[in-house]
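Subject: Structure handover

Hello,

Here is the structure I said I would pass on. Please look it over before reading my notes below.

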Amino acid sequence: MKRDYRLLFGPMAGAILTLGIAGLALMIPGYNHVQQTVSEIGEIGSPARFPFAVLLCCVAACILVFAAAVRYRSVEVGHSQLAAYLTGFMALSAAGVGVFAYPHPLHNVFGISELIGYQAPLFLALAWRRDPRARRLVSLSWILYLLICIAIAVNLSSLDRQGPVWAYVKPVNGLAQRALFAAWFGWCAVVGLLLFQEKWQRPAGFNSQPNK
């Protein structure tokens with residue numbers, strides 16, 4: 001089985017996002033990565049609004065390429081493609097968040113829609129769990145999905161600003177959001193690098209045309 005270099009777009013997406021956020025934040029005087037969310041970098045009126053939208057669209061493009069590679073590899077080894085489609089859906093969410101800058105009403109709609117894409121590690125772990133070649137992939141997917149769930153719960157505490165959890169999260173709101181991004185994009189990196197390895201052999205009788 002040939003190496004699929006599209007899989008490297010998984011770790012590339014996270015790298016571009018990380019470097020892009022760090023660079024664009026320099027355009028905002030007094031910006032605090034610990035306290036402020038990523039969306040505040042590209043909010044309406046920000047000098048980084050346009051480059052922030054471009055950044056997230058570039059990340060979305062990387063996610064789409066990566067998702068296509070995961071889908072193809074899933075077909076090759078005979079596993080469900082649902083995780084790939086959920087991953088691809090994250091591209092739509094990311095692009096929407098960038099294009100519809102805060103406080104546009106659609107900004108939060110696309111932000112909440114990311115919850116769909118965050119389920120990709122769960123469905124990959126379930127689909128690949130019986131494959132003896134995928135033990136490390138499945139184990140890491142479970143671990144990262146658990147971290148994603150914890151991070152989601154922490155971030156959703158902002159919906160109850162009078163609650164006890166938000167009182168602790170508010171001073172580190174930016175850090176909490178970045179932890180969620182790190183867990184999901186970290187999963188993309190893990191999947192991309194592990195599936196890029198040559199050990200995945202085409203099963204006997206495999207049809208070279210992927211299922212549609």
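The notes below cover a helix pair, two buried positions, a cis peptide bond and the aromatic pairs. Please keep in mind that this is a predicted model.

Helix pair

Helix α1 spans residues 9–25 and helix α2 spans residues 49–77; their axes come within 8 Å and cross at roughly 170°. An angle over 145 degrees counts as roughly antiparallel, and α1 and α2 are therefore roughly antiparallel to each other. On the α1 side the contact includes Phe9, Met12, Ile16 and Leu24, and on the α2 side it includes Pro51, Leu55, Val59 and Phe66. By class, this contact has 16 nonpolar residues, two polar ones and no charged ones.

Two buried positions

Alanine 60 also belongs to helix α2. Its relative accessible area is 6%, so alanine 60 is buried. Beyond its neighbours within four places in sequence, alanine 60 touches Ala91, Ala94 and Ala95. The C-alpha atom of alanine 60 is 24 Å from that of glutamine 197, which is 137 residues away along the chain.

Threonine 87 sits in helix α3, residues 82–99. With a relative accessible area of 0%, threonine 87 is buried. A polar atom of the threonine 87 side chain is 2.8 Å from the backbone oxygen of alanine 83. Leaving out neighbours within four places in sequence, threonine 87 is in contact with Ile63, Phe66, Ala67, Ala120, Trp184 and Trp187.

Cis peptide bond

Most peptide bonds are trans. The bond from tyrosine 102 to proline 103 is cis, with omega near 10°. Proline 103 is in the loop between α3 and α4 (105–117).

Aromatic pairs

The count comes to five aromatic pairs. In one of them, phenylalanine 100 and phenylalanine 110 have ring centres 5.6 Å apart and planes at 5°, so the pair is stacked. Phenylalanine 100 is in the loop between α3 and α4 and phenylalanine 110 is in helix α4, so the pair ties together parts that are ten residues apart in sequence. Phenylalanine 100 is partly exposed at 27% relative accessibility, whereas phenylalanine 110 is buried at 17%.

The rings of tryptophan 184 and phenylalanine 185 have their centres 5.1 Å apart and their planes at 90°, so this pair is edge-to-face. Tryptophan 184 is buried at 0% relative accessibility, and phenylalanine 185 is buried at 13%. Tyr118, Trp184, Phe185 and Trp187 form one aromatic cluster.

Regards

Terms used. Residues are numbered from 1 along each chain as its sequence is written. This is a predicted model: local features need pLDDT of at least 70, side-chain atom pairs count only at pLDDT 80 or more; totals for chains, interfaces and linings use all residues. Side-chain values use heavy atoms; hydrogens and water are left out. Helices (H or I, at least four residues) and strands (E, at least two) are DSSP runs, numbered from the N terminus. Buried means under 20% relative accessible area, exposed over 50%, partly exposed in between (1.4 Å probe, protein chains only). A polar contact is a pair of N or O atoms within 3.5 Å; within protein, one must be able to donate a hydrogen and the other to accept it, and residues adjacent in sequence count only if both atoms are side-chain atoms. Contact means heavy atoms within 4.5 Å. Axes are lines fitted to C-alpha atoms, for helices over the stretch in contact, and angles run from 0 to 180 degrees between N-to-C directions. Angles under 35 degrees count as roughly parallel, over 145 as roughly antiparallel, 65 to 115 as roughly perpendicular and the rest as oblique. Ala, Val, Leu, Ile, Met, Phe, Trp, Tyr, Cys and Pro count as nonpolar, Asp, Glu, Lys and Arg as charged, and the others, Gly among them, as polar. Rings of Phe, Tyr and Trp (its six-membered ring) pair if their centres lie within 6.5 Å; planes under 30 degrees apart count as stacked, over 60 as edge-to-face and the rest as tilted.
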